Amino acid sequence: MDRNVCIIAGGMSKWGVRNGSQRDFFQEAAKACYEDNLQVNPKEIDGLLVASAYTERTSYQTHLAPLVAEHIGVKPKSICARVELLCASGSSAIILAFGLIKAGQADVVMVMGGEKLYTPQKWEVFYSELASVDHDWDGPQGLGLPPPVFAMVAKQHMKQYGTTKEQLGAISVKNRRNAALNPKAQFQQGITKDEYMNARPIVQPLSLFDCCPITDGAAGVILCAEEKAKQLTDKPLVYLRGTGQASVNNMSANMPSWTTWEALKIAGQEAYRKAKIEPKDVKVAMTHDCFTISEIIEMEDLGFCKKGEGGPFVGEGQNDLGGKVPTNTDGGLLGCGHPFGGTGIRQAIEVMKQLRGDATQQVKGADIGLTHNLSGFIAAHTVLVYGREPV
Amino acid sequence: MTTPGISVLDGKYMVTMDLFPQQSKEFNQVYAFYENLKQGRFTTTKCADCGAESFPPRVMCPECFSTNMQWIDWPNEGTVIEFTEEVVGVPLGFGKAPLVHALVDLQGKKTMFVRVINCAEGQLKVGDKVRVAVFDVDPVPQEVKGGIQEIPRVFYAFEPVT
């Protein structure tokens, strides 16, 4: 058995600095997901995967999936488990749901992701981040929080390829502008080029608007086999076509290159091969803009432009609306925020809407869409390709 | 040690809140790294079968899967390829801003992204020599035969060679 798999519903809670607990946000997200497609009876959902990275640390809760199932009114029978790959937890869970449905081990799977990151004392989440890199070796160097890592990436990319601060700014201004049109996004106001250039430094060359924030929130999608999808939605079908996930190192000392992300190239090529497409076929992309420099390197290593030309590519608006590959049309991490487990799900929702044709900022003729996450100390990359047609 | 808000934890040690690794032989099979570090030696494991030198140190060779590991000394001095100075958001436990990091070429063995201490803001330059600097960190109050024994610990950063 090898079935086609569709994404038929998606919704998210409001993201930001939120009042409430992790389980509250999962219920809000489930409600939004159910409302996106009233033809799906939640009682028909036979599998649940829940993506959350910090549930043990900031909510003191393991064995999360049955708790979420109980709260969202789902009674899974094919799969009920949590998935964790930090910033790529949500996308990892989608890949697993895809595989299970494709193989006939599950029929209708809900994939949720989210976090409660703000605790009664704010230092705790930053301290917990020491667990997200190699705790014994990179953490004690004070590398838990990612800005120094991405500042190092940016400094080297600037030195090697001539990338400029203004080009980094193009990403920030674009994604904040897009977020302002997304009521679920953490930031509801855009920023100007001047505000970007004059923001307070964090780690040079990165300043405040180069960095995504800490975010509470959750999101959910429903995937199912094509035959089921035809019964469960009247909207255009959106297929998951191919995926790739790669890791070539974990600790910083083993990074093959800081400016060419080998694992991203591998994950991208794997996803393109399985989806039977080429980079030029991608009409809309949600790539992991945890920092502005990330989105620039992602344009290069996903093959949307030549290596080293990511700076001019984004500076000329080639990854903005009207360009070659509009990217982060919903605001990305820089605008929506980044509740780790929720991010991959949020990206899937926006790509689903773009391919259905009902996105807020619709890309005309979008028939192939891509999502990407990096995770940890740039230690793994995850790429998913969706399409209006099956492979 | 008190834990406000959680009275039952007063006087307790929590491994899940410890930013440094466990270094005693009961909790870490590469404890020799820290024993060597206490003597100022920067060491790692070399596979006695295929010769691969891995970092961090290993129990099993990731190249040939042998468990025949030996400890070897690595250079404790390297050259700054590039550096960063974190002025906002320095995590708890790493002192006052700026927190300086450098990508260090360890004489061709590895490029290490490490904290640089004993270094003023604006002091470090590309091409500078830096060396391993060992410092004491909080001991772990470990249960030993019903009692609590303080296990001393160290860690390393780099510092400018002056």
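Predicted model: local features only at pLDDT ≥ 70, side-chain atom pairs only at ≥ 80, totals over all residues.
Residues are numbered from 1 along each chain as its sequence is written, with chains lettered from A and ligands numbered from 1 in the order in which they are written.

Q: Which residues of α10(A) are buried?
A: An α-helix has 3.6 residues a turn, so residues three or four places apart point the same way. Buried means 20 or more other C-beta atoms, placed from the backbone, within 10 Å of the residue's own. In α10(A) these are A:A263, A:L264, A:K265, A:A267, A:G268, A:A271, A:Y272 and A:A275.

Q: What span should the 14 residues of helix α10 of chain A have?
A: The expected span is 1.5 Å times one less than the number of residues; helices are DSSP runs (H or I, at least four residues) and strands likewise (E, at least two), numbered from the N terminus. For α10 (residues 262-275) of chain A this gives 20 Å, and the end C-alpha atoms are 20 Å apart, in agreement.

Q: What order do the strands of the open sheet in chain B have?
A: Strands of a sheet pair through backbone hydrogen bonds, either parallel or antiparallel. Pairing requires at least two DSSP bridges. Here the order of the three strands is β2-β1-β3 (chain B), paired antiparallel. β2 (53-54) and β3 (69-73) of chain B each have a single partner strand, so one side of each lacks a neighbour in the sheet. Two bridges join β1 (residues 43-47) of chain B to β2(B), and B:K46 stands opposite B:E53.

How values were computed: Buried ≥ 20, exposed ≤ 12 C-beta atoms within 10 Å, placed from the backbone.
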